[in-house]
Amino acid sequence: MARGTDPTPGRQRLLGLAAVAGLAAATAFAFGRLFTGRVPTLQLIAAALASVAVAALFERRGLVVATLASLVGLALAITWIVLPQTAWYGLPSMRTLRALGRSLELVGQQTRVRVAPTAALPPLMLATLTAVWTASFSAHALAIRAGSPLLAVLPMVALVGFADTVLQDGARPIYAVLFLGAALAVVFSDGLRRIRQWGPVWSTTRSSRIRASVKGSRAVAALVILAAILVPGLLPGFRAEALVDFSTGDEGGFGLDPFVEIKAQLDDQEPVDLFQVRAEEPAYWRMYAVDTFDGSDWTSSDPDASERGLVLSSPAVLPGSEALPDDAPRLPQGYTLLRGTETARLPMAYPAESITLPSGELTYDPVDSQALVRGGLGEGFEYSVLSRIVSPAPEQLDDVVFLTAEQYGRYTHVPSTIDPRIGELAEEWTRDEITPYRKILAIQEHLVSEYVWDTDVGAEANADVLAAMLFETRQGFCVQFATAMTLMVRELGYPARAAGGYRSGTFADGVFTVQTKDAHLWVEVLFPGYGWLAFEPSPSRPSPLAEPGTYLNPIEPAEGGPLGGAQQNENALGGGADAGCQVGPGGRPLPGQLCNAEERPTRLGADQLPPGLLDGFGEVAQEDEGGYSIPYRWIVIGLLAALAVLLVVVPIVKSAWRRTLLRRHREPRDRILAAYRVFDGEATDLGLGRRDGETLEEHRVRLAATVAFSDGHLGRLASATGHAAYGSSPPTSEQAHEVAEDARKAIRDLRRDAGWLRRAVGTYRPGI
């Protein structure tokens, strides 16, 4: 008979919790195959276990409370795992919200172009982490709360099935064994819960842990797992191609985003051929320029050329091409896309003179010098470009005169969040240089020679990451080096922006083959009279334009050149008579440039410049506090305001409702029952409410063993309530009044014993 009682239901609860945790971990382990490396898988497993832990902590609370707690946990997990650089002492900040919004905008684009397994980019990791977290929470709710183990397995089956669909890694029995074993453990633990309702399950002897009613389940589970592994290999069509292919393996295109796409392409374990260029000389195959940096992200003032873009028919002679210097060598290029893309921008050498498409129209932005074809580009698409190679000699750039920094507007703007040490470092590196060109070149040379290229770093280039790279780790990749140099050049007062595209690629038989590993970001500096000139700050990534004797590879400084340039620069910055419009090497101003010339005593007027060039100039770009189109600041303020209102309203509503409940009932019987209901509501707030199926007397005994009540108020309240509910004779008004007073004093004893903190928390417990 000693075995006739079950020691405690706690074992059963722990068994069920362990089974759900195992199922969540097995799912995260299988789902982690979507990413390269072990770290993302370990992070997903940790997130899955954390989600189950949060669900277990709030298991005895209402589902709404548990869901809100899980959302808070998910927010912290996203901050710590996906966006740790945006955290404020480990907590989400406005920067986290802005980065989250940006990642959400890129999720769809990344899922279309990435090929699994891929790098753990923030947008993809955000979607994956959210899926694993919510599936784990749902599995706990269905298995533990609802007692539906088969339904609990469904969210996990969906995740594992998705991973199996997009991956082409063949049969992987280890994932199937772990997942099926965990799923059967969930079903088994629920079966034990149901059997326990018939009688004791756990044995107190060491010879048998579980009664004979379930001892054959292990053999059945082993047979099920073995069949799941062996039977598919015996079926016809195993390892054959799918009837309907949902994978992304052949749909990956190419597009560039400074923080996400470039890092992703550099991380590809097997580089993918993107396009080929038939050209006689290497160059940067440039696609776009970004001119606005808010401390976290690079953006363009007109990313899709919707404001400044000019619609041109093919073959198109680009606006301003007639002003390109005649002595600048021409570079014909023929492009063939090896992979389709939804990205509308055309790769081409800068500056381009003309573009020829097979048919149709293109949109050209003369300020950012980017060309777009609406609707994307298909595999096999061909077009040709004729560009000029503008590569002035060092002594020519030594004589260039710049305007004041304020007149370049957004091209010299540095966000206030940038570490001031970056500007001080730029001053230190250029202290011994005389001309602006030599200062800019010195920044490039310091970055190239004193830092290390490393693609294992994160994809971000925000203020904190830049400071850590420059002063601590001294390693990064092109986005971070290009951002650092652009900001340092701007700190000195010279106009700079970042340009993105691809390096020249691999040359063979007159053709450059460009792959994902060639994705790149570099720096462009506006030299009056010569236009935007490319600089390469990334270590071990030499510029294809750095021929000996050019501005990127000077052999010896020209005699007297630096001194003359410095004198001209002083006159220009001082607003002297030398300020004017300096012409280019061909004797004419280049299109879309701000310049000075010694021959003209006044600066070039806005009406003499190409349309759109001065848009935004003279207006220093303000930091993007709101981040994106979604007004995150106002959403947060609204949520905080709503929370503040709830903190005030909930206690008032509870108190008013309970007072109304007592006053509304006039009949003695109803008044006594209402008094007990108010008392029970107060006890529930403190976690001592009446349980399901518990009698009034049982409730009284349990409370009396926990709380020190005075003068028998609780006993009289319970006795009178039982009489009012079940007695044949109705109570009197005096008795009802006494019971209400007993309830009030019993409530006072409850509150006194609970303490202020428990009372405050209980005030906001769900229920009236």
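## Charges over rings

The charged end of R541 sits over the ring of W453, at 4.0 Å from its centre, where a charge counts as over a ring if NZ of Lys or CZ of Arg is within 6 Å of the ring centre and within 35 degrees of the ring normal. In a second case, R286 lies over the face of Y350, 4.7 Å from the ring centre.

## Basis of the model

This is a predicted model, in which local features need pLDDT of at least 70 and side-chain atom pairs count only at pLDDT 80 or more, while totals for chains, interfaces and linings use all residues. Residues are numbered from 1 along each chain as its sequence is written, and side-chain values use heavy atoms, with hydrogens and water left out.

## Aromatic pairs

Rings of Phe, Tyr and Trp (its six-membered ring) pair if their centres lie within 6.5 Å, and planes under 30 degrees apart count as stacked, over 60 as edge-to-face and the rest as tilted. By this rule there are 20 aromatic pairs. The centres of F402 and Y494 are 5.0 Å apart with the planes at 45°, so this pair is tilted. Both F402 and Y494 are buried, a term for under 20% relative accessible area, with exposed over 50% and partly exposed in between (1.4 Å probe, protein chains only).

The rings of Y451 and F481 have centres 6.3 Å apart and planes at 75°, so they form an edge-to-face pair. Y451 is buried at a relative accessible area of 5%, and F481 is buried at 0%.

## A cluster of rings

Ring pairs also link F275, W285, Y335, F381, Y383, Y502, F507 and F512 into a cluster.
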